[in-house]
Amino acid sequence: MLMSAMYIVLDSQFDYSVHDMPVLRRWWCLLLLENHSLNSCGKIFAHWTEECKQLIAGKHTPVFRLKRKAEQQDIEETMTQTASDVRRMCMAESMQFCVYQTSDNTGERLLYPEVKLIKWVQCKTCRGWLHLDCAGMEMEPFDCGCEDSIEHPRIKDAVDSGGIHAVFSKTQIKTLHDDLLSGKLRSNRMFLWRNPATSLRLKQHLKIKTLSWSEQRMYELLRFIEEATNIAKKIKTGNIHLLDFVLDVMLPELLIKALKEHGISRFRAELMMACGNVF
Ligand SMILES: [Zn+2]
Ligand SMILES: [Zn+2]
Ligand SMILES: [Zn+2]
């Protein structure tokens with residue numbers, strides 16, 4: 001209906017027939033899922049996800065599992081506390097990037113289960129909610145990046161033209177390292193590094209998969225991290241566990257931090273890392 005109306009209004013030739021309707025309907029449903037709030041759960045099918053590509057290829061049937069939320073009973077400090085807000089779900093949760101990720105099976109919180117007081121922020125554009133830690137920034141009004149309106153340079157390009165120093169600084173790396181160790185910065189990866197048995201699957205999911213850097217660049221960055229944090233010394237003394245820390249925690253957290261400095265939320269940075277379009 002809407003399609004036909006649009007064609008008539010635009011005075012264009014009809015270039016689809018009744019046989020195209022199933023495809024058109026599917027496309028239309030995807031648009032609705034992507035753009036309508038549904039507490040942003042629809043974003044799981046947004047065009048950039050693997051899931052959606054599979055869905056369009058017809059290899060995947062969308063399944064919606066609603067979770068029992070242990071979190072909901074917690075005392076939550078919120079910006080606007082209303083009855084309906086208690087049902088909110090973190091947008092990062094469905095993509096498994098939530099700092100307080102819960103288990104698919106039990107609905108219990110896997111990460112930082114002991115934390116009771118969690119702040120939330122709501123995106124002014126899509127109205128979706130994120131834990132403040134998943135947003136990674138306290139900004140009013142907050143934009144999760146759903147419009148992708150924020151101009152950001154590809155970090156790889158910036159590094160290629162200006163070198164590691166153009167994007168990262170030792171002070172920045174040292175601060176990140178200290179904040180992760182002290183717990184000032186809550187990170188899903190840090191929690192899993194300390195408690196790997198919590199979920200090996202989630203730990204695997206959070207590893208960086210697409211980094212289109214040359215080996216040379218990668219080596220430079222790792223050396224840079226080692227120097228800034230003095231971790232090299234400890235690794236040499238046989239603490240191999242720390243290698244893991246550099247690769248699985250420091251490296252992704254550093255990329256997130258670099259994007260944050262361009263005004264990009266942690267959640268958005270996670271999505272960008274997942275499809276590798278900035279690195
Ligand atoms: Zn979250
Ligand atoms: Zn948004
Ligand atoms: Zn972008």
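What percentage of the 279 residues in the protein chain do buried residues make up? Buried residues make up 45% of them. Buried means under 20% relative accessible area, exposed over 50%, and partly exposed in between, with a 1.4 Å probe and protein chains only.

## Basis of the model

This is a predicted model: local features need pLDDT of at least 70, side-chain atom pairs count only at pLDDT 80 or more, and totals for chains, interfaces and linings use all residues. Residues are numbered from 1 along each chain as its sequence is written, chains are lettered from A and ligands numbered from 1 in the order in which they are written, and side-chain values use heavy atoms, with hydrogens and water left out.

## The chain overall

The protein chain has 14 helices and three strands. These are DSSP runs, numbered from the N terminus: helices are H or I with at least four residues, strands E with at least two.

Contact means heavy atoms within 4.5 Å. Among contacts between residues at least 6 apart in sequence, 63% join residues at least 24 apart.

## The zinc site

Four protein residues supply donors to the zinc ion (ligand 1): C90 (SG), C98 (SG), H131 (ND1) and C134 (SG). They lie 2.0 to 2.3 Å from the zinc ion. Donors are N, O and S atoms within 2.8 Å of the metal (3.2 Å for Na, K and Ca); water is not among the atoms, so sites may look incomplete. The donor atoms subtend angles of 95 to 118°, which makes the arrangement tetrahedral. Four donors count as tetrahedral if all angles lie between 85 and 135 degrees.

The donor residues are spaced C-x7-C-x32-H-x2-C in sequence. C90 and H131 link distant parts of the chain, 41 residues apart. C90 sits in the loop between strand 1 (76-77) and helix 4 (91-94), and H131 in strand 3 (residues 129-131). Both C90 and H131 are buried.

## Helix 8

Helix 8 (residues 170-182) has 13 residues. Its buried residues are Q172, I173, L176, H177, D179 and L180. They cover an arc of only 170° around the axis, which puts them on the same side of helix 8. The arc is that of the directions from the helix axis to the C-beta atoms. On the other side, T171 and S182 are exposed.

What covers the buried residues of helix 8? Helix 7 (164-167), helix 11 (215-229) and helix 13 (241-260) are among the elements that do. After helix 8 comes G183, with a positive phi near 90°.

## K119 in strand 2

K119 belongs to strand 2 (residues 118-122). K119 is partly exposed, at 36% relative accessible area.

Technical notes:
Four donors count as tetrahedral if all angles lie between 85 and 135 degrees; four count as square planar and six as octahedral if opposite donors are over 155 degrees apart and all others between 65 and 115; anything else is irregular. The expected span of a helix is 1.5 Å times one less than its number of residues.
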